[in-house]
Each structure stands twice: as structure tokens, then as C-alpha cells.
Amino acid sequence: MNASAASPGVSDTIDSDTIDLTETILALFGLEHRADPYPLCRSLREAGPLHRTPLGLYLLTRHSDCVTVLQNSAWSHADEAAQLHGDVEAHEAAAELPTSFLWMDPPDHTRLRRLVGKAFTPRLVAGLRPRIERLVDGLLDNALAAGEFDLIETIAYPLPLTVVCELVGVPAADHALVQQWSQWLGRGFDPDALLSPQERADRSTASRDFQAYFRELIDERKRQPADDLLSALAAVEDQGDVLTELELLTSCVTTLVAGHETTVNLVGNGILALLRNPDQIQVLRERPELVPAAVEELLRYDPPVHLTTRSATRPLTIGGRTFAEGEGVVVLINSANRDPAAFHDPDRLDVTRFHQRTPVPPHQLAFSLGIHYCLGAPLAQLEMEILLDRLLRRAGTLELLDDDPPYKPNIVVRGLAALQMAARA
């Protein structure tokens, strides 16, 4: 069964005047709909382009409107802490929610993104291919030898985590530690109203310990530089006029967390979608040149990030409403990526959708658009392309062993907690 058909009992329409932010997110990403939020997305789209919430935010449901907002830098991303984490004091937000340039506007966004972006240039990412191929082959050796395994534990986490840790400069002995902190932060970026006291405490612990950890590593790199991002950023800080210590630390945390948590979800969500659509696996076996297009389709079909926020920096009109300065919207990426006005038969997985089509399909929004387009997108896509290509070439049979795999509690960065499957040569 396709994921899009798994949530019974959802109303065909929703009265937008009765929706508040917390109730909507709980309905859309609550436990009963974690595995399949898409019927709810469809109901929201059909009810209208905008749905007002008591928090002053509007849910933005349709692809064309989401594209307009994401591409226009007059819609700011600097207010997400205040919008979703109102209990965090403003002066503590940068340290408690270490997102660095992700939640900034120019010129600070431009300055910090440019510095971190030096580790993600097309040339440097392409140069990682041999290392990623060796890593994928080693992980698949273990998986195929076992025959049955948890994809998330065996491949989805170790692949991107190892790559980004090596890129940043985190020793292999510390990978499990930073993985735990990353998971706590990933959950902690969900709206505070939906977090338990323990989850908020875990976020605070992860933020504090992550920054203390990187402070020690950076001091070490200043004494003994290496060929990694930590050394490069430490050298920049020494110049004295472009990075504060907090900017340096949060940039390291952001790069590490964003550099693997979303890729874990891409791998898990994507492989699950293929296992549930074996006809599409067969298409890829017969036409391996479709793998890059297939990755694009998997990102559209079940994106690793389901929502983001923006606020107007001046009067702006979207969805038939004019927003005053400071008013905000929640961009529902999952809804936009399944909008039939943008994508033909959007609830069907089609690995040929983005391959040499005329007219060219619209952008899928899994990695956002505009100045906040995901810096690590090319790396995540390369990792998934190599994994998918190698898996299809080496595994003669692929089988889903759990029809209802468990999901992590995360709402914004949504993905599987485990995926039991079989793969045999």
C-alpha cells in the first residue's frame, strides 16, 4: 500500500476558522498520523490556501504560494525561535537553539553561510564520492551478510553521520555521542507546545554539551590545524572580525546536525517508499540512469523536513491576504510537494517524474528555495544516489519486513525510528 492511502477517518474538508496552530500540527503530525500525514495535507489544501491560527501564524498549504514565500527574502526566517519557541528568552535563543545562519537574514546569513559553504562547494562535494562509495560498500557488506537488518541503524545513520563528522573534524570515537545530541536537538526544533519537559531538558543539555564539545575541539585545532571545517572556521575566528565565539560554535553544531539528520530521513523515507512500490524498484533496475531523478522524486514524495516558517518584513500579499510586518506563515512543505496543481498524480511515486520531462516539473521543496536553500543538499543527494545505485546493483531481492515501521516523535524533521528489511545478493 502506498503511504498516501494509510490514514482512514480524516475529514475531506477542514474549517479554517476553527484551526489553531497546536491542534493543526497535532492532527497533521500526531501519533495516529505520523506514518501518513498526507490525507490531512490534502484536506488543508482543499479547504483553502491559508488557515489562521491563534498564534498569528497562517498555515500555507499550496505549492505556488510556498514557492513565492521561500524565494522572496522579504519573507524572513529570523523569527522562527519566537514563533515556535516562545518560552525561550530572546537573549538565550541563539545558544538554546543553535541554528546559526539557518534562522538569520542578510547580511549575517550571507556572511556565515559563505564561511561554512566553503566545505560544500561542488568541487569538494564531488571529491567526496570515492570516500562515500567505500563507506556505502562497507555498510552494504554488513547488511547483505546479515540478510535481515534495521536500515536506520545499519545504514541510514552511519552513512551521513560518518561523512559529515569527517568533513567537520569530529573523531570517530565521538560519533555516537554527537548522534545522541543531534537527535535531541532535532526533536527540540519542534514547537515547544508539543515537547515534554524532558524533551526540552534534553534540548538544553544537547545545546550546552555540543557547544562545550566544539569549544574544546576548536582550541585543539588552533594548536594543531587539520584539513577539516573546524580548522578552517577556527582560523577565520582568529582574524577577529567575522565570527564571534557563539557564531563559530553554533555554525559547527548546525553543520553537523543538518548535515546528517535530514539525510537519515531521506534514506529511511525513500527506501520505505520504494519497498512499498516494487514496480518502481523494477524500473530503476532496468534503467539505472534514472537514479538521480529517483532521488528527486523521493524527496518530493516524502520529504525529510515537513515545515518551516517565515515572517513578513514589510506588507506582503500571499494567498489572497496582505500580511503586515511581523506576521508569519508556516510553510507546509509536505502539502506543497503533494499539490496536484503542481504535480500530476502527486500521491503516486514515479521515479521518472524528474527525468528529461517536457515541460520540466516544478521544484520540489524538500530542501527549500531561495537564500535558505539547503547548503548540504548536493551532499545529501550524492549520498542517496550512491546508496541507491549500489543497493540495487548488489541486492537481488529487497523486502519490507515491518508493514508499520515506527517513526521518531519529530514533527518538523520527520522520519523513521527503525525500518526492518531484508536484502540478499
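Some ground rules. Residues are numbered from 1 along each chain as its sequence is written, and side-chain values use heavy atoms, with hydrogens and water left out. Because the model is predicted, local features need pLDDT of at least 70 and side-chain atom pairs count only at pLDDT 80 or more, while totals for chains, interfaces and linings use all residues.

Take Cys165. Cys374 is in no disulfide either; its nearest cysteine sulfur, that of Cys165, is 16 Å away. Is Cys165 buried or exposed? Buried, with a relative accessible area of 0%. Cys374 is partly exposed, at 24%. On those words: buried is under 20% relative accessible area, exposed is over 50%, and partly exposed is in between, using a 1.4 Å probe and protein chains only.

Next, Thr308. Thr308 is in strand 5, residues 307-312. Strands here are DSSP E runs of at least two residues, helices are H or I runs of at least four, and both are numbered from the N terminus. Thr308 has 9% relative accessibility, so it counts as buried. Setting aside residues up to four places away in sequence, Thr308 touches several residues, among them Leu70, Glu80 and Val330. Touching means heavy atoms within 4.5 Å.

Now salt bridges. The rule is a side-chain nitrogen of Lys or Arg within 4 Å of a carboxyl oxygen of Asp or Glu. The count comes to 31.

Start with Glu133. Its side chain meets that of Arg129 in a salt bridge, 3.6 Å from N to O. Why about one helical turn between Arg129 and Glu133? Because they are four residues apart in helix 8, residues 129-146. Arg129 is partly exposed at 35%, and Glu133 is partly exposed at 21%. Glu133 also pairs with Arg390, at 4.0 Å. That pair links distant parts of the chain: Arg390 is in helix 19, residues 377-394, and lies 257 residues from Glu133. Which residues form the network of salt bridges? Arg129, Glu133, Asp137, Asp141, Arg390 and Arg394.

Last pair. Asp192 and Arg203 form a salt bridge at 2.8 Å, N to O. Asp192 lies in the loop between helix 11 and helix 12, and Arg203 in helix 12, so the pair ties together parts eleven residues apart in sequence. Both residues are buried.

Conventions:
A disulfide is a pair of cysteine sulfur atoms within 2.5 Å.
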